Each structure stands twice: as structure tokens, then as C-alpha cells.
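Dear colleague,

I am handing over the structure below, and after it you will find notes on what turned up when I went through it. Please read them alongside the model.

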Amino acid sequence: MANYAKKANKSLLALFAIIILIAGGLFLFSRQRNVTASGADKQIIRLAHNQSSDHPTHIGMLAFEEFIESKYGDQYDVQIYPSELLGTQTNLVQLTQTGAIEVTVASNSILETFNTDFQIFNLPYLFESPEAYHAAMDDPEIVASIFNGTKDSGFVTKAWLDAGTRNFYVKDTPINEVSDLAGKKIRVQQSPTNVSMMNLLGGSATPMGFGDVYTAIQSGVIDGAENNELALTENGHGDVVKNYSYTMHQMIPDEVIVSTRFLDALPENEQATFDEAFKIMEETQHQAWEEKVAEARDRAENDMNVVFNYPDIEPFKEAVLPLHDAMLEAYPELQDTYNKIQEKNESYTNNTTEGDAS
């Protein structure tokens, strides 16, 4: 009952904050611009996300805050709201659309609803290695049109955040072969691509909110899930699952989206500085992610007794490759982007033996 009350209070506070921000968002935005121009006050820049204050996402935002305030400390006050203080990720995207907040982090699956081109990043085994993944996501020729394709929705993507590699972990047995997934109920993200992927692998896709996964595994509602290593430690899944198998079936970014209302109002001479700040956020998050994954692996293995397994991924890849052809047939406009990603893959050696999730 205490936990329920705590959650209820948090939800009510978040809802109250959202109502205030939505109701007053446009007024606050225009007012802040006016007082800043008069020199009477600073313009507030709100950054919000759904992770904890020690997560790599938050660390990246702190670097953004430090850089902007070092350049324009007399003009801007950067305020960061972690841990869903201003609402769920879906709420935060909606607030960014209206300009009630300036910056948030969105999952790729959410952005698919605004621009279907984002779904290409959900394809299993799109990237041959973490190195190819980073190279592709850093290439404007590959991502720029997708990142800017949501402008009519009120926001664009200014940075991508590393969320590592997604791998299977099941309660009772390791996943060493495709057949090990047969009939198993596996939590996946709420995306048609992910549901199709599990069907092709012989498992039973069970879309649900991430916050429900721990209890669902513990109670036997599902057999396991697929995610990066931080799920074991940051979310406690290593308490109920003791086998983690590096199938490396997806490398899906999170995106830093920014209100176009905010960007359009930036003075021209400040735009390049803000672009640099978003790049610093991105690079800082990537480095922090690499360090956090190393810590999570060590803790999961030595403190939580999780066993890491390294199956041959080729059979998994062969099972789901039909999804590539199906997507390109349905969305032929993605063929050029897909081809450019394949060129990146050819430039990098697939190095999966160490399970590197950087």
C-alpha cells in the first residue's frame, strides 16, 4: 500500500506539473523572450527525461548545461528534470511539441509515430557492429533527413544517444540457439517491427511498459525480455534473471528532440553554439554509456551472479532478415538510407566476441 501511495502521489505531481506547463507553456515562452531581451531576467531552458540522475543521459545533459551557461550564463538558465518529474516520455514529447519544454529524450519507437522513417533503426541486425552503428548515426547523409522530418510536428532531433545493444535474457535457461526462444513469452518494445522479429524467432512477443517487466518476469507472466546490460542493474532484472545472452539483435538509438519554437527563436549568432552544445551532450553521453555498461557487467556478474553467454548470432540473423526486405518493399524511400548503412557495415569488422555495448 505504501508503494502504491508513493506511485500515486508521484503520478499526481507529474500530472499537476504537466497541466501547468501545457496551460502556461506558450505564455511562459513569449514572456521569457521578452524579459531576456530587456535584460531583466534569464530565459529558462528546460531539459527533461525519464532516467535517473546518475544515468548517462543525465550526465550528457549536465555537460550541455555547463557549456551553455559558460557561454551565455547571463542570458540562459538551463534546468534539468530527470526521473519523469514532468511526466512520462510520451508526455514529454507532447510538451516539447507545444514548446512548454525545450528539450527531451524520445525513444525511437515513439518517434516512428511522427515519421515512419525512424522505423529503419528498429530493424534487427541493421548494423554489423557497434562501430558501424556509431559511424552510421554520426553521418548526416544517413540521419539528417530523418532527424529533420518531424519539423511539422513541432520538433527536430539534435543529437542521438547510445542505448547499447539489445540482447535476450530469460529466467530459467540461456538463449544459445534460436530454438531456445520457441514458445517463450518475451517482453518487447511496443513496435510492430519488434513483434514481427519475435514471431520470426519462434518466441511469443509480449509488448508492455518497461516499468512492468521486473514484476512480470518474477511472477511468470513472461519468461524474459531483451534489453541492454543496464536493465540488469539499474532496473534490478538481474535479481530475477541469471542468464544474459549476447544475441546483439538490435542497436537502437534514443533521440534528443528540441522544440522548433525554441530553435526558431534563437538569435542567429547563437545557433552554432547551441549546435555545439548538443554535440557535447551526445559525446559525453556516449562516453558515460561505455563506462556505465562496464560497471553494470561487473556488478551483474560478481554481485548478482548473472552468467553472460555468447551464442553464434548468424542463425538469429538469418531468421529475421526477411524483415529487411519487407520494410524496404513497404517503404521504398528508405532504400537509399539502407544502402548507405550497408556501406558503413562493409567498412567495419564485426567484433562481437567481447559483447561490447559501447
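Asp336 and Lys340 both belong to helix α14 (residues 335-347), where four residues, about one turn of the helix, separate them; helices here are DSSP runs of H or I with at least four residues, strands are runs of E with at least two, and both are numbered from the N terminus. The two side chains form a salt bridge, with the closest N and O atoms 3.2 Å apart, a salt bridge being a side-chain nitrogen of Lys or Arg within 4 Å of a carboxyl oxygen of Asp or Glu. Asp336 is partly exposed at a relative accessible area of 45%, and Lys340 is partly exposed as well, at 22% (buried means under 20% relative accessible area, exposed over 50%, and partly exposed in between, with a 1.4 Å probe and protein chains only).

Before going on, please keep in mind that this is a predicted model, in which local features need pLDDT of at least 70 and side-chain atom pairs count only at pLDDT 80 or more, while totals for chains, interfaces and linings use all residues. Residues are numbered from 1 along each chain as its sequence is written, and side-chain values use heavy atoms, with hydrogens and water left out.

By the rule above, the salt bridges come to nine. One of them joins Lys317 and Glu128, at 3.1 Å from N to O, and this pair links distant parts of the chain, since Lys317 sits in helix α12 (residues 314-320) and Glu128 in the loop between α4 (108-112) and α5 (130-137), 189 residues apart. Lys317 counts as buried at 10% relative accessibility, whereas Glu128 is partly exposed at 24%.

Another salt bridge brings together Glu234 and Lys292, at 3.8 Å from N to O. Glu234 lies in the loop between α9 (230-233) and β9 (243-250) and Lys292 in helix α11, so the pair ties together parts that are 58 residues apart in sequence.

Finally, His49 lies in the loop between β1 (43-48) and α2 (56-72), and is buried, with a relative accessible area of 0%. Leaving aside neighbours within four places in sequence, His49 is in contact (heavy atoms within 4.5 Å) with residues including Thr57, His58, Tyr81 and Thr104. The C-alpha atoms of His49 and Val103, which are 54 residues apart along the chain, are separated by 8.7 Å.
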